[in-house]
Amino acid sequence: MPELAFFRHGEELLRVTLTDRTALGSGPECDVSLPDPALARVQAVVERRADGWWLVDRSGAGTAVGGAPVREARLGDGADLALGAWRALFRAAEGVAPGAGETRLRAHDEPPAGAPPPARLRLRAGGRERTVPVTAAGVVVGKDPTCDAPLDDAFVSARHLRVEARGGRWALVDLGSTNGTFISGARVTRAELPFGLPVQLGDAEIVLEPREAPEPARAEAFEGMISRDAAMRQAFELVERVGPSEAAVTILGETGTGKELFARALHARSARRDGPFIPVNCSAIAETLIESELFGHEKGAFSGAERMRKGAFEEADRGTLFLDEIGELPLDLQPKLLRVLELGEVKRVGASRPIQVSVRIVAATHRDLRAQVRAGRFREDLFYRLCVVPITVPPLRRRAGDVRALAETFLARAAPRGVALRWSEEALAKLEAYDWPGNVRQLRNVVQRALLFRGEGLAIGPAAVTFEDTRAAPADGGDDDTLYVRGLTLEEIEREAIRLSLRRNRGKRAAVVKELRIAKSTVMKRIGQWGLHDEGRPPGEAPDPEPDDEAEVA
Ligand SMILES: Nc1ncnc2c1ncn2[C@@H]1O[C@H](COP(=O)(O)OP(=O)(O)OP(=O)(O)O)[C@@H](O)[C@H]1O
């Protein structure tokens, strides 16, 4: 997958592998949270489209790509993004420029005669780990499946390096790889390879070990999910058991615990794995649009429906539809969803005939759905239809050993390529003592922030570990109306107050002036300064004119 590499003062600090949609901004709800008041909460989104990777500005003021602010831009390899105090470089997976100057690490003395001690090579790639024995003839490591030690990593060359006996020692030889082989940050072409020294190639790592060394305790990965915790292992087993069935599954767990990863794992373990996986976040879509999002609409079905549009159910045909935050589904839509589940057919808004679909539903919620049923906010019949198999994902603070395992994994994934960063014991202790209200997503953000603010040296100390309470973070695009001030600067508080007021008042500036009792000129200045021109304004509606003087307060 392509990645964004973040730089400050020319130094690479952080590497983020792009998913289909990666949000960048100052808010903790973003996939990359950059603590800089010059950035909007969600500054921009990098998304995959049929014709490549695109940056979409979400601040309203434009995001600089190649030095010029843009609303949208297709990202070519090497595209340069300016994000507050940071620059980010877009790297397509293939053809990455080689790193800094090459170093040849050599043994200073002659190798002892005879055969080197029996060894095995530990390979770490994509969150998985395995070992291969190293024979006297040597082993070739590379992406090509015919290698002795194949590694599935986009940045590893087909035949990347060889580990071979040189006299009585083991050595490595880079076989002319595109992206290089690194030891402690230095690119190497030939080097003696002692036991226990990590070698980086692409996003993978190899370590030579004595053949008979005991297996180190390690975190197990299941479909990309890292965990050592017993309750999580049980949940993985449940996924293995119910994945191949057609049973409707609802995943229950706090925000950021990995519910979407569980849904993807269920899809990957089902007979539908070659079909589409379509996620829909029921809380992120305006109530008026959710029916057409789910079921589609015919041309002219309502004003603004200029073209026919397939809904998520049709898109997920022969695959899995992931209904995230199902607890937020409006009551009046619930019977329609129930009908689709019972009959296996959907009717686009404005259509006269239904369409047959074959969709497996996986739902998720952070709410107590039973309590929602008792309170009359969720239909009981729909609850039983969706919740045939409930899977509960425990919060991070209750998982034994996971903070350390995840912190190490996220660090290895996000550290600049070829730099073997590690946590100091004090930093790990600080991470383990925290209660993680935002769960794994928050931990990932804290790791990224630690990389952005790390000091000199390869060990990351406790000062780089800082927490921000994500419970307070309003969801991106949500119709939040509460201002949480903890951890915000005065400027951020003012910006949030104006932003939320614009949302409450559907973009009407005169109403903001009245509500916040501040001068019209201040409101207008701040809107311009922070790019809030479109905030709260319903799509398609003309911008609000300047408020008239009657509305002025100060
Ligand atoms: N066990 C895990 N191992 C590795 N990464 C994880 C794990 N659990 C979660 N993540 C990562 O944490 C982030 C949040 O996960 P995810 O979106 O699945 O959570 P969620 O419970 O669906 O959140 P929300 O309730 O906000 O929708 C993602 O980047 C995901 O890749």
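Which residues surround the ligand, and which of them are the closest? I counted 18 residues around the ligand, with Ile-226, Thr-255, Lys-259, Arg-441 and Arg-444 as the closest.

**Basis of the entries.** I worked from a predicted model, in which local features need pLDDT of at least 70, side-chain atom pairs count only at pLDDT 80 or more, and totals for chains, interfaces and linings use all residues. Residues are numbered from 1 along each chain as its sequence is written, and side-chain values use heavy atoms, with hydrogens and water left out.

I looked up pairs of N or O atoms within 3.5 Å. A polar side-chain atom of Lys-259 is 2.6 Å from an oxygen atom of the ligand. For Arg-441, a polar side-chain atom lies 3.0 Å from a ligand oxygen atom. Gly-258 contributes a polar backbone atom, 3.1 Å from an oxygen atom of the ligand. I then noted that the ligand taken alone exposes 630 Å², of which the protein buries 86%; the areas come from the Shrake-Rupley method with a 1.4 Å probe.

**Composition of the shell.** I sorted the shell residues into six nonpolar, five polar and seven charged. In this scheme Asp, Glu, Lys and Arg are charged, Ala, Val, Leu, Ile, Met, Phe, Trp, Tyr, Cys and Pro are nonpolar, and the others, Gly among them, are polar.

**Origin of the shell.** Strand S25 (225–227) and the helices H2 (259–268), H8 (402–414) and H10 (439–452) each supply at least two shell residues. Helices (H or I, at least four residues) and strands (E, at least two) are DSSP runs, numbered from the N terminus. Domain 3 (220–392) and domain 4 (398–464) each give the shell at least three residues; the bounds come from an automatic or database domain assignment.

**The chain as a whole.** I recorded 13 helices and 36 strands in the protein chain. Of its 554 residues, 49% are buried, meaning under 20% relative accessible area, with exposed over 50% and partly exposed in between (1.4 Å probe, protein chains only).

**Pro-198.** I found Pro-198 in the loop between strand S21 (190–192) and strand S22 (199–201). Pro-198 counts as partly exposed because its relative accessibility is 27%. Not counting residues up to four places away in sequence, Pro-198 touches Phe-182, Ile-183, Glu-205, Ile-206 and Val-207, where contact means heavy atoms within 4.5 Å. Leu-208 is ten residues from Pro-198 in sequence and 7.8 Å from it in space, C-alpha to C-alpha.

Terms used: Near = heavy atom within 4 Å. Polar contact = N/O pair within 3.5 Å; in protein donor to acceptor, adjacent residues only side chain to side chain.
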